[in-house]
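Subject: Structure handover

Hello,

Please find the structure below. Notes on what was found in it follow.

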Amino acid sequence: MAPWLDPSVLRKRQARFMPRAASRILLEITDIELKRLKAITWQEADAEGIEQIFYDEETSVSGWRNYLDPEGMCCRSRDSFFTLWDRINGAGAAEKDPWVWMIKFKVLEIEN
């Protein structure tokens with residue numbers, strides 16, 4: 001058995017000190033940017049994994065999940081992202097328009 005798979009060893013090590021072979025995913029940071037929360041574009045909101053719950057192919061109309069109201073829906077992905085931000089950080093947190101770090105990365109293939 002590989003030493004990093006031994007449960008007694010895993011409990012004593014912090015994740016940042018684990019051998020690369022024990023990782024499930026390997027990321028490469030491609031860009032870091034400091035910006036205001038409200039400056040997020042719809043493309044960046046989509047990249048955050050906001051859930052699209054409705055799409056009409058005839059009219060190209062989309063509906064996005066409202067994370068504060070399970071029965072509601074948002075017309076834009078940015079608005080959906082702000083409801084998720086408020087759900088995580090408390091009501092009105094998105095309105096404060098804090099400075100945030102935007103970290104872009106790509107997933108690297110791990111060769112075994």
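Cys74 counts as buried because its relative accessibility is 8% (buried is under 20% relative accessible area, exposed over 50%, partly exposed in between, with a 1.4 Å probe and protein chains only). Cys75 has a relative accessible area of 68% and is therefore exposed. A search of the whole structure finds zero disulfides, a disulfide being a pair of cysteine sulfur atoms within 2.5 Å. For Cys74, the nearest cysteine sulfur is that of Cys75, 7.6 Å away.

On provenance: this is a predicted model, in which local features need pLDDT of at least 70 and side-chain atom pairs count only at pLDDT 80 or more, while totals for chains, interfaces and linings use all residues. Residues are numbered from 1 along each chain as its sequence is written, and side-chain values use heavy atoms, with hydrogens and water left out.

Overall fold

The protein chain has three helices and five strands, in the order α-β-α-β-β-β-α-β along the sequence. Helices (H or I, at least four residues) and strands (E, at least two) are DSSP runs, numbered from the N terminus. Of the 112 residues, 21% count as buried. Contact means heavy atoms within 4.5 Å; among contacts with a separation of 6 or more, 51% are between residues 24 or more positions apart. The accessible surface of the chain is about 9,000 Å², and 53% of that belongs to carbon and sulfur atoms (Shrake-Rupley method, 1.4 Å probe; for residues, only the protein chains shown count as cover).

Around Ser80 and Arg65

Ser80 is located in helix α3 and counts as buried because its relative accessibility is 0%. Leaving aside neighbours within four places in sequence, Ser80 is in contact with Ile50, Trp64, Arg65, Tyr67 and Cys74. Arg65 belongs to strand β3 (residues 61-65) and, at 32% relative accessibility, counts as partly exposed. With the neighbours within four places again set aside, the contacts of Arg65 are Glu51, Ile53, Cys74, Ser80, Thr83 and Arg87. Between the C-alpha atoms of Arg65 and Arg76, which are 11 residues apart along the chain, the separation is 9.4 Å.

Pockets

The search ran on a 1 Å grid over the protein atoms alone: a cavity is a set of points where a 1.4 Å probe fits but cannot get out, a pocket is an open set with protein on both sides within 12 Å along at least five of seven lines, and lining residues have an atom within 4 Å of a point. Grid points are joined across faces, edges and corners, and a volume is the space filled by probe spheres set on the points.

The largest pocket has a volume of about 420 Å³. It is lined by 17 residues, of which Ile40, Glu44, Glu48, Met102 and Ile103 are the closest to its centre. Two or more lining residues come from each of β1 (26-36), α2 (42-47), α3 (77-89) and β5 (99-108), with β5 giving the largest share, six residues. By class, this lining has 12 nonpolar, no polar and five charged residues (Ala, Val, Leu, Ile, Met, Phe, Trp, Tyr, Cys and Pro count as nonpolar, Asp, Glu, Lys and Arg as charged, and the others, Gly among them, as polar).

The second largest pocket holds about 160 Å³. Its lining includes Arg16, Arg20 and Arg24, and divides into seven nonpolar, one polar and three charged residues.

Regards
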